[in-house]
Amino acid sequence: MTTSGHGTDGVERRGLMFVLSSPSGAGKTTLSRLLIERMSGLKMSVSATTRAMRPGEVNGKDYSFVDKATFEAMVKAGELLEWATVFDNSYGTPRGPVEAALSAGQDVLFDIDWQGTQQLREKARADVVSVFILPPSAADLEKRLHSRAQDSDEVIRKRMSRASHEMSHWAEYDYIVINHNVDDAFAEVQSILKAERLKRERRTGLVSFVRALQGQLQG
Ligand SMILES: Nc1nc2c(ncn2[C@@H]2O[C@H](COP(=O)(O)OP(=O)(O)O)[C@@H](O)[C@H]2O)c(=O)[nH]1
Ligand SMILES: Nc1ncnc2c1ncn2[C@@H]1O[C@H](COP(=O)(O)OP(=O)(O)O)[C@@H](O)[C@H]1O
């Protein structure tokens, strides 16, 4: 699915699909925003969803907010790379922007659940790097859901009762980060991305780079 772009050191490499998942409220949105702000060459995948817009969310930026009929039409037309039902709503990843970014040599960041992560892994195992974010405690998780102040008490109760089920998928992920505080968790997630960008197998330009180096040594 991916073609090569250039890494920051000029060596060609395949783009990667960087996935963050967590129970609701553990901090994926916060960490995703920081990654997009601070890491170059990384583009956010904007999901389509049938859930209602929260105060402060921007259509087309946080999500593409669509009705059920539109979502079903997108599924039928094969426009979604993966999709799943979470909390009674449908969420899916539009295929076009992801393929365009990867072809342009960019990495793509996904804030998706375990179901979507499994589907991406089935499609492109070698290109998927997945991180599961855990809260330090249940009390912190509940506090964060309340502090976000964007969901009703009933919605928060639902999300808390789903958290244990969501968390049961932690072992399917490549990395686990515990979000005690934002700065440390961000530094950890950033280190993972930086290291994964340097993986030999993704760096398709290394053979010619090393050949050129050897040529210089002989010449
Ligand atoms: N499979 C899949 N899951 C998604 C997608 N977009 C969002 N999600 C997940 O849906 C869940 C609910 O997201 P949201 O309603 O924004 O609530 P939040 O996690 O509390 O911010 C989260 O686990 C997201 O990671 C998507 O395109 N595909
Ligand atoms: N390490 C942290 N300490 C305290 N609050 C946090 C931390 N990380 C995130 N938050 C806050 O918790 C709430 C939920 O975080 P958010 O990133 O929206 O979670 P998610 O996207 O996983 O549902 C937000 O109000 C956010 O500012």
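The following legends describe an overall view and two close-up views of a predicted model.

Local features in this predicted model need pLDDT of at least 70, side-chain atom pairs count only at pLDDT 80 or more, and totals for chains, interfaces and linings use all residues. Residues are numbered from 1 along each chain as its sequence is written, while chains are lettered from A and ligands numbered from 1 in the order in which they are written.

**Figure 1. The chain as a whole.** The chain contains 8 helices and 11 strands (DSSP runs of H or I with at least four residues, and of E with at least two, numbered from the N terminus). Along its principal axes, the C-alpha trace spans about 70 × 40 × 30 Å. Of the 219 residues, 28% count as buried (20 or more other C-beta atoms, placed from the backbone, within 10 Å of the residue's own).

**Figure 2. The surroundings of ligand 1.** Ligand 1 is surrounded by 18 residues (C-beta atom, placed from the backbone, within 6 Å of the ligand). The closest are Ser24, Ser47, Ala84, Tyr91 and Gly116. At least two residues each come from β7 (80–86), β8 (89–94) and α4 (114–124); β7 gives the largest share, 4 residues. The shell comprises 5 nonpolar, 9 polar and 4 charged residues (Ala, Val, Leu, Ile, Met, Phe, Trp, Tyr, Cys and Pro count as nonpolar, Asp, Glu, Lys and Arg as charged, and the others, Gly among them, as polar).

**Figure 3. The surroundings of ligand 2.** Around ligand 2 lie 15 residues, of which Gly27, Thr29, Thr30, Arg144 and Arg148 are the closest. Helices α1 (28–38), α5 (138–148) and α7 (182–197) each contribute at least two residues to this shell. Its residues divide into 3 nonpolar, 9 polar and 3 charged.

Technical notes
A residue is buried if 20 or more other C-beta atoms lie within 10 Å of its own, exposed if 12 or fewer, and partly exposed in between; C-beta atoms are placed from the backbone.
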